[in-house]
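Let's take a friendly walk through this structure, starting with pairs of charged side chains and then turning to a sheet.

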Amino acid sequence: LASSHDIHGMLITGPGGVAVHAVYGAGIAGRAVTRAVFDEWLLGQASRAGAQVEEGVAVKGAHLSSDRVVGVTVSRRWGGDGTHDSRLVIAADGRRSVLAFSRGLAQQPARPRRWAIGGYFSGVAGCGSVGEMHVRRGHYLGVAPVPGGLTNVCVVVPHAAGDPAIGAPGELIRSRLQADPALCDRFAGARAESKPVMLGPMAVDTTAAGEPGLLLAGDAAGFIDPMAGDGLSLALTGAELACAVALEV
């Protein structure tokens, strides 16, 4: 709580000047927090609850026995490759899940193929206590205040096979902000405080929630376009469902 801000609703704008400002009301508030803070907190909670945390380890694939997943094969940064055996493996390794793709449970559809480019900015004017989603023809922009006087900005654009490469993601963010009539003045004095992060294509379809011995969770279970802004809510709800399955197993 000390490292986050209240978020009281959402502002949605569309082409042509349409704007919808919606607040949660009834004393309800969301929290705006950076992933660096949130992820460290979450890891600490798991460790204090008794989870064994092993860093510097990459999961390379599923460990199989009689066509059942019985663990994972791993590669350690300092050597000592091997396996981890388990009665249940939960693949929570993101939208490019090694386990989901290697087991043929996930694929990237031909359409839609969108890429997201995001970064932190300082000096953004007019940020209140709501998240913002600005939908335009062919792209959309997310704007969210976060602690430390920063604003998280994300631009999502279509990018199909054969399109020119996105060679300068920072310039792409700037150009879309400068060309947007609702945002150009607010970002006139803004400064990028981080290198832009780019990911895509974003959409991932899955054919099943898992297979014997393996359960997909979070983005590994299928990536949903983040326009709704509730990716972490979905991830944590999925984690609760995964816990129920793990306890049953």
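## What counts as a salt bridge

A salt bridge here is a side-chain nitrogen of Lys or Arg that lies within 4 Å of a carboxyl oxygen of Asp or Glu. Side chains of opposite charge can pair when their charged atoms come close. Please keep in mind that this is a predicted model.

By that rule, Glu193 and Arg191 make a salt bridge, with 3.0 Å between their closest N and O atoms. How accessible are the partners? Glu193 has 35% relative accessibility and counts as partly exposed. Arg191 reaches 54%, and because exposed means over 50%, Arg191 counts as exposed.

## Salt bridges across the chain

Another salt bridge joins Arg103 to Glu211, where the closest N and O atoms are 2.6 Å apart. Arg103 belongs to the loop between helix 2 (98–102) and strand 9 (106–107), while Glu211 is part of strand 17 (residues 210–211), so this pair ties together parts that are 108 residues apart in sequence. With a relative accessible area of 28%, Arg103 is partly exposed.

In what order do the 3 strands of the open sheet come? The order is 5-6-7, and the pairing is antiparallel. Strand 5 (57–65) and strand 7 (82–85) stand at the edges; each has a single partner strand, so one side of each is left without a neighbour in the sheet. On average, and with direction ignored, neighbouring strands of this sheet are turned by 35° against each other.

You can follow one pairing in detail. Strand 6 (residues 68–76) and strand 7 run antiparallel and are joined by 4 bridges. Which residue of strand 7 stands opposite Val74? It is Gly82, a handy place to begin when you trace this pairing on the screen.

Conventions:
Residues numbered from 1 in each chain as written. Predicted model: local features only at pLDDT ≥ 70, side-chain atom pairs only at ≥ 80, totals over all residues. Heavy atoms only, no water. Pairing = 2+ DSSP bridges. Helix = DSSP H or I, 4+ residues; strand = E, 2+ residues; numbered from the N terminus. Axes fitted to C-alpha atoms, helices over the stretch in contact; angles between N-to-C directions. Buried < 20%, exposed > 50% of the residue type's maximum accessible area, 1.4 Å probe, protein only.
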